[in-house]
Amino acid sequence: WFIWLYKNYGLMNKPIYIVVDGHCTDIIEEMQYELAPFQNVQVVKFTRKDLVETSKAVNNAFSDQKLFLTLENWKEIVSGDEVDISVLLLELQTMCCDEQDGTKFNDSIPNDLTDAMRYPISWFMNPYQRDDFAERR
């Protein structure tokens, strides 16, 4: 799927950053191995997961009109299942903090899709993280 995107959208001359949850070390290592031939692709291990800051970044991206959601479904790469956009929209609408600890999400509400959205948006919205990453290359 990556090679198809890479070729069909002419991504050879553009920097590509793939931001991954820092706890998924096996996925990060596999992606780094598989994507090593592509010199313009970097897999970023996202570890700065402050709930308030990452949520603020997503809210700011929406309010600054830097983030748009389309009404398109997508296909999960591993399972092959089609995911309806309504699942993401529902997670966004029901996302709330734990009543006892405001620095965590309420564990009873699914938030995998919102996490997958919060991490890369937070990384791209914070120029200092990009600068730090560029220096480590």
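Is F124 buried, partly exposed or exposed? F124 is partly exposed, with a relative accessible area of 36% (buried means under 20%, exposed over 50%, partly exposed in between, with a 1.4 Å probe and protein chains only). The model is predicted, so local features need pLDDT of at least 70 and side-chain atom pairs count only at pLDDT 80 or more, while totals for chains, interfaces and linings use all residues. Residues are numbered from 1 along each chain as its sequence is written, and side-chain values use heavy atoms, without hydrogens and water.

View 1. Searching the whole structure gives 8 aromatic pairs (ring centres of Phe, Tyr and Trp, the last by its six-membered ring, within 6.5 Å; planes under 30 degrees apart are stacked, over 60 edge-to-face, the rest tilted). Y6 is buried at 10%, as is F38 at 16%. Together with F2, these two residues form a ring cluster.

**View 2. W123 and F124 pair edge-to-face.** Here the centres are 4.8 Å apart and the planes 85 degrees. W123 is buried, at 3% relative accessibility.

**View 3. W1, V19, W74, I77 and A116 lie nearest the centre of the largest pocket.** Its lining has 31 residues: 23 nonpolar, 1 polar and 7 charged (Ala, Val, Leu, Ile, Met, Phe, Trp, Tyr, Cys and Pro are nonpolar, Asp, Glu, Lys and Arg charged, the others, including Gly, polar). A pocket is an open set of points on a 1 Å grid over the protein atoms alone, where a 1.4 Å probe fits, with protein on both sides within 12 Å along at least five of seven lines; lining residues have an atom within 4 Å of a point.
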